[in-house]
Amino acid sequence: MKTTKVLPVVALLVDIVASRTAQRDALHADVLRAVAGVNAAVEPLHELRPTVGDELQGVYPSLGAALTAGFSLRLALAPRWDARCGLGGGQVVVVDEARGIQDGSAWWQAREAIDWVKGQAAKPGYEAVRTAVRDERATATPSADAVSRLIDAHLGRLRPGALSTLRGMLDGLDNAEIAGREGISESANSQRVRNNDLRPLMDAIVALGQLP
């Protein structure tokens with residue numbers, strides 16, 4: 001059995017919200033499609049993948065990459081499904097590479113983060129909370145934790161059409177391309193962008209994606 005230490009990294013732990021009440025076959029198929037898209041778009045150290053129960057996990061070289069993966073997954077699943085994301089910065093030790101068994105402080109931090117999200121989202125005024133960051137790396141950005149929840153709050157207010165327009169913007173599509181994909185006029189799509197403040201939201205998501 002080979003043990004390998006990787007430093008520094010960010011572990012991403014994802015939990016599907018209300019998955020026990022969902023249509024399991026449909027949920028599983030949608031999660032697999034979303035995960036494939038995220039893995040193609042965001043380069044990981046260890047690919048995002050389903051693990052036990054309703055959880056997914058992946059390992060990334062930076063907090064920005066892990067946050068991008070988390071937000072991308074949530075947008076790919078929305079509006080039908082939602083997910084909590086716990087991110088932990090630290091060490092990942094590969095205990096058994098063949099079986100994908102890992103340990104280390106990054107996973108402990110990610111577990112602490114996602115457990116905090118579950119508890120916090122149950123409190124009045126925090127229902128939209130879906131993301132938390134616990135980062136012990138020297139390159140940690142403490143403000144990323146709070147900023148990620150401002151993004152959560154904004155995403156939580158968006159209707160399906162606005163979420164779809166935001167996905168198109170983050171994919172690099174222009175207004176005409178998004179409008180065509182949505183089957184609406186360019187003017188209607190522009191109104192979505194303005195009325196939902198999608199440009200500053202996109203800027204915030206992109207900025208977090210650049211963090212070390």
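Predicted model: local features only at pLDDT ≥ 70, side-chain atom pairs only at ≥ 80, totals over all residues.
Residues are numbered from 1 along each chain as its sequence is written, and side-chain values use heavy atoms, leaving out hydrogens and water. Local features need pLDDT of at least 70 and side-chain atom pairs count only at pLDDT 80 or more, while totals for chains, interfaces and linings use all residues.

Let us start with the two domains. Domain 1 covers 7-155 and domain 2 covers 158-211, with bounds from an automatic or database domain assignment. Their C-alpha centres are 23 Å apart. Between them, about 1,300 Å² is buried, and carbon and sulfur atoms give 76% of this area. Buried area here is the accessible area (1.4 Å probe) that the two parts lose on being put together, summed over both. On the side of domain 1, L75, H154 and L155 supply 42% of the area buried against domain 2, more than any other three residues. The number of salt bridges between domain 1 and domain 2 is zero, counting a side-chain nitrogen of Lys or Arg within 4 Å of a carboxyl oxygen of Asp or Glu.

Next come the helices, which are DSSP runs (H or I, at least four residues; strands are E, at least two) numbered from the N terminus. Helix α7 (residues 186-195) meets helix α5 (residues 160-170) and also packs with helix α6 (residues 175-182). Axes are lines fitted to C-alpha atoms over the stretch in contact, with angles from 0 to 180 degrees between N-to-C directions.

| Helix pair | Axis separation | Angle |
|---|---|---|
| α5 and α7 | within 10 Å | roughly 95 degrees |
| α6 and α7 | 8 Å | about 105 degrees |

The helices α5 and α7 are therefore roughly perpendicular, a label for angles of 65 to 115 degrees. Here G161, A162, T165 and M169 of α5 touch N189, R192 and V193 of α7. The angle between α6 and α7 likewise makes this pair roughly perpendicular. In that contact, N175, A176, I178, A179 and E182 of α6 meet E186, N189, S190 and R192 of α7.

Most residues other than glycine have a negative phi, and most peptide bonds are trans. A78 and P79 are joined by a cis peptide bond, with omega about 0 degrees, and P79 sits in the loop between α2 (63-77) and β4 (83-96). D197 is not a glycine, yet has a positive phi of about 50 degrees; D197 lies in the loop between α7 and α8 (198-208).

Note on methods. Parallel < 35°, antiparallel > 145°, perpendicular 65-115°, else oblique. Contact = heavy atoms within 4.5 Å.
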